[in-house]
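Let's take a walk through a protein together. Keep the picture open beside you while you read, and look for each part as it comes up.

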Amino acid sequence: MRLGSCTLTLWTRTEDDNLKLSTAAMIPVGEFRHFGSEQNTKYRLLKPWWDVFSEYLCIAMLMIGVFGCTLQLTQEKIACLPTPFTSPTPAAIDCSYLRTYRENETGQRALSRPEEPVIQEAFGRSNKLDIHQYVFVNHYCYERFVHWYAKYFPYLVVIHSMIFMMASNFWFKFPGTSSKIDIFLTILGKCFDSPWTTRALSEVSEERREERLVTWRRTAASNGAAEPQEDEEEAAGAVSPLRSDPEKSYPELESALTALDKKEGEQAKALFEKVKKFRTHVEEADVLYFMYVLQTSLKVVKFLIIIVYTGVLVANIEIVVRCYVPPELTGFDIYCCNNNKAHLFSKLSYCYICLVGVYGLLCIYALYWLFHRPLKAYSFEHVRLETGIGDIPDVKNDFAFLLHLVDRYDALYSKRFAVFLSEVSESRLSQLNLNHEWSARKLRARLGRNARDKLELHLLTLPGLPDTVFDVPEVESLKLEQVKNVTIPPSVVRLTSLQELSLLYCPAKLQLPALVHFKEHLRVLHVSFERPEEVPVWMYVLHGLEELHLKGPLTNEASRSTTLDSLRELRALRVLSLHSGLTKIPPAIGDSAPRLQRLCVHNDGVKLQGFSGLKKLAGLESLALLGCGLERIPSAVFSLSNLQELDLKENKLATVEEILSLQHCRRLVTLRLWHNRITYVPDHISKLRSMERLDVSWNRLRKLPARLFYCTKLRHLDVSHNQLGCLPPEVGILQGLQFFSAAFNSLETLPEELFSCKRLTTLLLGNNCLSALSAKVANLTRLARLEIKGNRLGSLPPEIGNCSHLTRSGLVVEESLVDLLPAHVQRRLTND
């Protein structure tokens with residue numbers, strides 16, 4: 001009965017164990033793979049094939065460990081039976097017979113069945129132990145006499161697998177590297193999916209297709225397959241084969257342009273900024289590379305440790321174990337135990353060693369790849385050759401290492417990412433965004449008339465020149481101020497009315513068709529620059545240029561350089577303005593004399609000394625020497641027989657005694673001596689019989705010579721901002737005087753003869769010391785503007801109403817004085 005009871009109990013435990021095993025088998029072991037692989041699939045881009053293979057090996061090792069742990073927890077670990085023998089030397093009792101008992105005989109009987117088998121009833125041997133004693137002995141022997149490696153092998157496999165997994169992905173979680181990796185992968189994904197990347201690469205592909213077509217045509221022409229006329233056309237187009245025809249359109253390119261809207265363009269622009277900042281942040285360090293090398297080295301070391309100790313200890317997984325139990329407990333002291341899972345664990349351990357071996361070889365190969373290849377430098381040479389984007393920079397350190405890893409996944413990622421490292425690509429994107437922002441309608445709204453009464457388009461501080469400018473053909477003057485990256489394309493030929501171009505602190509480049517167009521149509525060019533090398537060299541081939549205005553630091557050295565020497569090539573030049581710091585007139589100006597009519601040199605106070613070059617300018621009609629530090633009128637001026645206008649503003653003239661020599665300039669009609677230090681005007685100024693305009697304002701004159709008014713052709717006389725106390729009565733001689741200004745002086749009275757100049761239209765007498773205005777002002781019937789504000793007048797003469805052309809807006813005087821006029825005079829002034 002006891003044996004039967006034991007049998008029932010064992011059967012019940014076996015059923016429970018099977019239930020536990022079935023329950024354990026329901027655990028989704030595949031869930032453990034999430035410990036090794038990132039839930040975010042974007043990290044796959046930085047995992048080479050050996051890392052991916054290693055992850056699967058880790059999963060396989062982890063499954064071996066989980067399977068072993070499940071068996072350990074759900075089945076009996078060991079079964080022990082007492083041996084009826086005892087000995088003072090327990091080692092003499094051998095339990096190995098259990099392993100080899102009737103092994104060969106069993107195998108033979110399995111092969112051949114005897115013809116007359118002998119079957120006998122078997123009688124069990126009762127060991128006289130209770131089931132609880134067996135359970136105790138099993139646990140006791142398992143804990144004390146089974147080798148620790150045989151007991152904890154599956155747990156070690158799980159721990160080692162987890163360590164391998166954590167080591168493989170540690171740099172994805174480490175604070176010093178995870179943020180950089182996340183940013184890089186985010187930017188990389190956006191660059192890969194950006195419509196701008198597709199557009200930029202499609203542009204290059206289209207240009208390459210056209211380039212191959214041109215090459216094919218040249219080859220055909222060299223073989224005699226083309227006519228001579230076709231050869232000439234190809235030779236002309238060989239200078240710029242990719243953009244030689246501005247009117248040509250490509251369906252693929254147009255579709256790409258329409259696919260990229262304004263929002264996508266702004267997103268791509270933000271990507272360029274992110275790439276720049278990320279490159280600055282990452283490229284100077286090698287933390288990512290160091291961390292990857294460190295974790296790979298750690299895996300190699302651990303692989304070696306596992307291989308060594310596992311190879312040594314795997315033999316300790318024994319099937320039969322001899323156990324010694326105190327005889328006081330059960331009456332037996334020696335037990336022979338069977339390790340139920342030893343055979344299976346032995347096979348699993350050898351399988352595990354094989355997996356670890358393959359894993360270690362992969363890690364060793366990864367180290368070889370890390371140290372054999374120069375991973376701290378990444379060259380885009382192949383990408384530059386393939387895409388045609390020649391300005392993609394090479395990168396180094398962590399930035400280079402990340403790109404090397406990406407190449408192991410797919411080289412297309414780095415190719416598309418390279419588009420956002422190119423400044424040319426960025427400028428193209430900026431151009432596209434600029435075209436979206438500055439439509440042709442918006443540009444037309446900015447059109448206005450300039451001082452020359454030309455229809456002018458003024459663009460200020462833009463990141464580039466919008467292509468939509470060339471969709472406004474009515475533009476006559478294009479003014480670009482502080483506009484960056486200006487390249488004038490062939491489409492400028494659409495501006496058929498353009499004759500004037502202003503480049504103010506924005507160096508510009510011209511493509512060949514644009515240069516050809518400017519040669520034929522451009523007449524006026526304004527250039528402002530900060531350094532002499534910013535002067536555009538293409539302007540010297542504009543043989544049809546009539547006016548050239550240069551403003552910038554052209555020093556004495558620059559005047560002797562080839563920069564200004566090239567001016568002699570501009571044979572059609574009529575007007576030349578140099579706003580710089582020259583110390584002498586450049587000799588090249590004298591060589592451009594044939595058509596030069598106006599010369600303006602503005603020196604900003606730098607003293608100009610050499611004037612010998614002026615003698616060659618026989619045809620010069622207008623000369624302006626502004627801020628040149630002159631103390632006397634240069635003698636070279638007197639030889640300019642055709643001179644009509646002389647402007648000597650902002651110099652240091654204190655006397656003009658040599659003004660007599662200006663009579664040799666028989667055609668001189670305008671003389672401006674304003675903003676100087678002149679204290680008096682010599683009498684022989686009357687020799688300038690042909691002079692019509694004289695400006696001596698902003699000087700230190702205390703009186704005017706009577707002989708001045710014998711220049712009977714004077715129509716414009718300005719003596720304002722001086723120290724005059726009175727005017728000579730000879731002013732009445734100037735019967736042709738139309739403009740007279742004596743404002744900001746110290747005049748107390750006016751000569752009556754002044755009011756006999758009946759052709760006066762403008763009379764400016766403000767800010768003086770006048771106490772009364774003569775009633776003879778009524779003689780000035782053509783007077784349209786009268787300024788007498790800032791004097792000591794007590795009233796205005798009612799006769800002022802007889803000035804038929806004078807209106808209230810043209811009368812500049814205190815409002816209180818106007819209120820004192822008769823009502824009918826006020827109405828007349830207001831109504832007119």
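Predicted model: local features only at pLDDT ≥ 70, side-chain atom pairs only at ≥ 80, totals over all residues.

The protein has 832 residues, and 47% of them count as buried.

Now let's zoom in on a sheet. Here 3 strands come together as an open sheet, and the order across it is E1-E3-E2, with antiparallel pairing. At the edges sit strand E1 (78-82) and strand E2 (320-324), each of which pairs on one side only. From one strand to the next, the twist averages 30°.

Strand E3 covers residues 334-339, and its antiparallel pairing with E1 runs over 5 bridges. You can pick out partners here: Leu81 has Cys336 in E3 as its bridge partner, while Pro82 stands opposite Tyr335, also in E3.

Is E3 mostly enclosed or open to the outside? Of its 6 residues, 5 are buried, so E3 is largely enclosed by the rest of the structure. While you have the strands in view, here's a handy rule: in a regular strand, side chains alternate between the two faces of the sheet.

Next, find two helices. Helix H12 spans residues 262-282 and helix H17 spans residues 397-409; their axes come within 7 Å and cross at roughly 115°. Where they meet, H12 brings Phe278, Arg279 and Val282, and H17 brings Asp398, Phe399 and Leu402. Sort the residues of this contact by type and you get 4 nonpolar, 2 charged and no polar.

Let's finish with two single residues. The first stop is Arg672, found in strand E18 (residues 670-672). Is Arg672 buried or exposed? Its relative accessible area is 19%, and buried means under 20%, so Arg672 counts as buried. Leaving aside neighbours within four places in sequence, Arg672 is in contact with several residues, including Glu645, Asp647, Arg693 and Asp695. Leu646, Leu648 and Lys649 are among its contacts too.

The next stop is Ser686, which lies in the loop between E18 and strand E19 (693-695). Although Ser686 sits in a loop, it counts as buried, at 3% relative accessibility. Which residues does Ser686 touch, not counting those up to four places away in sequence? They are Arg707, Tyr710 and Cys711.

Note on methods
Residues numbered from 1 in each chain as written. Heavy atoms only, no water. Pairing = 2+ DSSP bridges. Helix = DSSP H or I, 4+ residues; strand = E, 2+ residues; numbered from the N terminus. Axes fitted to C-alpha atoms, helices over the stretch in contact; angles between N-to-C directions. Contact = heavy atoms within 4.5 Å. Nonpolar A, V, L, I, M, F, W, Y, C, P; charged D, E, K, R; others polar. Buried < 20%, exposed > 50% of the residue type's maximum accessible area, 1.4 Å probe, protein only.
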